[in-house]
Each structure stands twice: as structure tokens, then as C-alpha cells.
Amino acid sequence: MSHLPVLVVVVPIAGGFLISLVDLILPSVKKAAVLAVALSHGCVLVLAAFAALSYPPLMYVPGSWLPPVGIALRVDSFSALFLILLAVGHCGSVLFRLGSEGSRQWEGKTAALTALLFGALAGVVVTADLFNLFVFVELATVCTVGLISRKQRPDSSVAGFVYLMIAAVSGALLLFAVLLIYSATGTVSMSLVAERIHEVPAALHGVILGALVVSFGIKFGMVPFHVWQPRAYHAAGTTTAGVLSGFGMKVYLYALFRLLWGPLQAPLLLPEIFPVLQVLAMVTILVGHLMALLENNLIRMLALSSVAHGGYILLGLAAAGDVGADAAVAAALFHIAAHALMKSSLLWSAHHAISLARSSRIVDHHGVAREMPVVMAAFMVAALAIAGIPPTGGFFSKWLVALAQGSLLPVLVIALGTVISMGYYARYFVVVMAKRPPEPLRQVRSRSILSTAVVVVFAGVVAAAGVAQGPLQSLFVVMAGSLTGSGGLP
């Protein structure tokens, strides 16, 4: 029995406590400890992912207590993609932070919280038990509140409290759904629930699905539950926002995918949920882009863009309502992977621009591109990709989501969203390319080779993904088949 499924959770959680201990007794090696934890976790995540892609799904049963008495952890081809994204996010965020201004404050408290967050997110991906899914989601919530509030400013405290209240509603709905499932089926094991869910009355099944959609919709910013996101990302700062938007929200989308196809068997038993998801996705796309177009703060603009792109992914999920809709799920997976790199590159590039201009207001960024051409070139490449300009990976992921739609209206919404996003990114390009800044820009020390390399590599990978979209699409179809072809049974 492989121990990799449990190690992807144990390593970062133990690492978080190790970082805190080192910060207390041996602060001179904090950087080494932070980097060691991130690299160790990244290695374990990648090994688990490639093992699941190469062999049958990995299973781990702690204490050899099989469900329904015990719990199980599982990694298959579908979850492998999200483990790889978490590896990229954990290692990338640490490397970027270590090369950025303010890393001394970050290495202690925030580094420990970041490690715990990635451990909780990995737990969400590998768990095959509904109650443990709830536990890991709540652990991720606690870590997120700490990361949002860590700057000890009034707006950070307020944003952290707002997120805590909204997350409490999300957690209550998730727990409510788990309790309903347990009362109706007598188990919280995903595989056993999938075997018994057909015995649940349709009305109760609908209530469970509704509670789960709203719960995870709050987490990834589905309209109208997105109000916390711009405030929280602005308060947390660009580096933490890159983690939450680029990688955190993808795990909550993963959970929704897994639950709909796995224990709840929604395509078979309640296909009516998918037209509802389609409407919610289209509203999310349009509202997110329109609010971003009206926003004058760079971090808030990028946060609202994340809201819209959650809608694109949800639109792919909605199109996959037919049983065995591998192409639609694969399109959603392609956009999940592309958005993770695009949005983290954008937010981390924005960190340098904000440090230089001493403001996150777009109007204060005149001439920034002339002061930091490499970083802003990476920002522009990532922006072109996320807007959907060919031949980038962002264009092809949107294109595949559009091809998966069964009607014209969602395609028109995707096209309109693309046009709107081009408008607000073009507005920012005009500002940063100005000939002369209205006031002297601050010379900052945060533009190290390491932090610059991270954003350049991420933007470059997204650009190159367009060239390699054929093999990537084939890989995503295989991953999607792990979910839809087998029913996604853990």
C-alpha cells in the first residue's frame, strides 16, 4: 500500500509546525526551513500525481480500517491534475516570496499558515470521505482567514472578519449536506454513498445538491456570493491573493466536480441541476467582467476577473451534464490549469508594480512598464492569455469550453466576456506604457531575479500551452474520463 496519499497531507501540516518552531528557536534558518517544506511537499504531490497517472488509483486506508468504519484516501487521474497544481502553487509562492520585499515578516507566521493551507487543500483533493472533506475545508478556511488578516491593518481585519462570516455560512451548508447524506444513506464514505444515493427521494437529493452548490459557490466566488473576494484579496495582498485565486479556488471547484459525479451521481439522478449551473455560470461571467471593467484598483480588478473565470469553469461543468461528457470536463480542466498559472502570474507581477508605484490604484501606475520591462512583459503575456488572445493557452481553453456548449447563448456570453476583459486590460496597458510618470517612482528591492523568474516562467508556460494544446487536451480527456467514465467513484 502506497503511503503517498497520506503524505501529501502530513508533510505540509507537520512542516507548518516545524516552521513555527524554527521561527522561535533558530530564526537564522527560517528561509531554509520554509523552502525545504515547500520542496518536500511539492515532490510528494508530484510523485502521487504521476503514480496515479501511471497505475491504477492510489488507495490508502489509515489503520487498515475499511469504510464505513474507517476512512480512505484516494488519488486517481482526475485528482492528479490538482495535486500537480498544488505542487506548483506551493513551491512557486515560496520562491516568489523569498525573493520579494517583506519576506522576513512572511517567513514565520505566514509561511506556516501557507503550509497548513496547502496541506488542507491537498486533503480536500485526496479524501474519499465526506466528513473529512468538511474538516479539510474548514482547516483551509481558518488558514485563509489568518492570511487575509495578517497585515494587522483595519481593512485587513475587516476583510478577514467578512470572509469568516461568509465562510461560516458555506461551512454550515456543507455540514448540513453531509448530515442529510448520512441520515439518508447511513454512511459518509463517498463510494458507499454512490451505491445508495439512488434510494434517496428526489426532493431530498435536490436539497443536498443545492446546499453543496451554494457552499462551494461561496468559496470560489460564484455570483451572487462573490462579494467577499475583492475586499479579501485587496487586504491579503497580491502574493496571498495569487495563492487563493490561482490555486485555492481550483480545489473548491474540484470538490464540486467530484461530488456531483461521485457520491451524488447528479448526471444520472438529477440532470436538472446542470441547466441551473449554466445560468449561474453565465451570470457570473458577465457580472465579474463588468465589475472589473468599472474597477480602478488593480488588485480588485484582478479579483473580479477571477470571479468571471470561475464562471467559465462552471460553464464547462454545466455542459458536461450528459453522462460521459469527457470533452466538456476536459475543457474545464484545461481552463482550470491555464487560469491557475495566468492569475498567479498576473497577481505576482502586480506585486512589483504596486511596490514601485506605492499604490494599487491603476491611475498611479503611469510609466511602470518602463521601469520594470521584464516583469511587465510577463504581466502583459499573462493578460493576453487570460483575455483569450490566440495562440496562448488561455485562448484554447476558452475555445474548448465554447465548443462543449450545446447552445449559442453560452458561446455569445464567452465572446462578450472576452471583449470586456480586453477592455480593462487594454486600459491598464495604456497607463503602464505612459512616457513619463506623474511623480517619481520608488526604487524597490523586491525585483530579485528569483521572484521575476517565477512570474516569467508561469507566463511563458501559459503562452507555450497554446502551441502544445493538442497533447494537453488529450491528457485532460484522460483525466476527465477518470471522473465521468467510471462515475468518479472513490
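The lining of the largest cavity in this predicted model divides into eight nonpolar residues, two polar residues and one charged residue. The cavity has a volume of about 90 Å³, and a search of the whole structure finds four cavities of 30 Å³ or more.

**Cavity lining**

The residues that line the largest cavity are L117, L121, T144, Y163, K219, W228, Y233, L244, G248, M249 and Y252. Two or more residues of this lining come from each of the elements α4 (103-126), α9 (228-236) and α10 (238-261). Helix α10 supplies the largest share, four residues.

**Nonpolar cores**

The largest nonpolar core has 166 residues, and F216 and L333 have the most contacts inside it. Helix α14 (residues 326-357) gives the most to this core, with 21 residues. When neighbours within four places in sequence are left aside, F216 is in contact with L133, V137, L174, Y252, A255, L256 and L259. One of these contacts, Y252, also belongs to the lining of the largest cavity.

**Aromatic pairs**

A search of the whole structure finds 16 aromatic pairs. Two of them are set out below.

| Pair | Centre-to-centre distance | Angle between planes | Arrangement |
|---|---|---|---|
| F78 and Y254 | 5.4 Å | 20° | stacked |
| W228 and Y233 | 6.1 Å | 85° | edge-to-face |

The pair of F78 and Y254 counts as stacked because the planes of the two rings are at 20°, and stacking requires planes under 30 degrees apart. F78 lies in helix α3 (residues 77-98) and Y254 in helix α10, so this pair ties together parts that are 176 residues apart in sequence. Both residues, F78 and Y254, are buried. They also belong to a cluster in which ring pairs link F78, F82, Y254, F257, W261 and F274.

What is the arrangement of the aromatic pair formed by W228 and Y233? The pair is edge-to-face, with 85° between the planes. Both W228 and Y233 are buried, and both are among the residues that line the largest cavity.

Methods:
Residues are numbered from 1 along each chain as its sequence is written. This is a predicted model: local features need pLDDT of at least 70, side-chain atom pairs count only at pLDDT 80 or more; totals for chains, interfaces and linings use all residues. Side-chain values use heavy atoms; hydrogens and water are left out. On a 1 Å grid over the protein atoms alone, a cavity is a set of points where a 1.4 Å probe fits but cannot get out, and a pocket is an open set with protein on both sides within 12 Å along at least five of seven lines; lining residues have an atom within 4 Å of a point. Grid points are joined across faces, edges and corners, and a volume is the space filled by probe spheres set on the points. Ala, Val, Leu, Ile, Met, Phe, Trp, Tyr, Cys and Pro count as nonpolar, Asp, Glu, Lys and Arg as charged, and the others, Gly among them, as polar. A nonpolar core is a set of buried Ala, Val, Leu, Ile, Met, Phe, Trp, Tyr and Cys residues joined through side-chain atoms within 4.5 Å. Buried means under 20% relative accessible area, exposed over 50%, partly exposed in between (1.4 Å probe, protein chains only). Contact means heavy atoms within 4.5 Å. Rings of Phe, Tyr and Trp (its six-membered ring) pair if their centres lie within 6.5 Å; planes under 30 degrees apart count as stacked, over 60 as edge-to-face and the rest as tilted.
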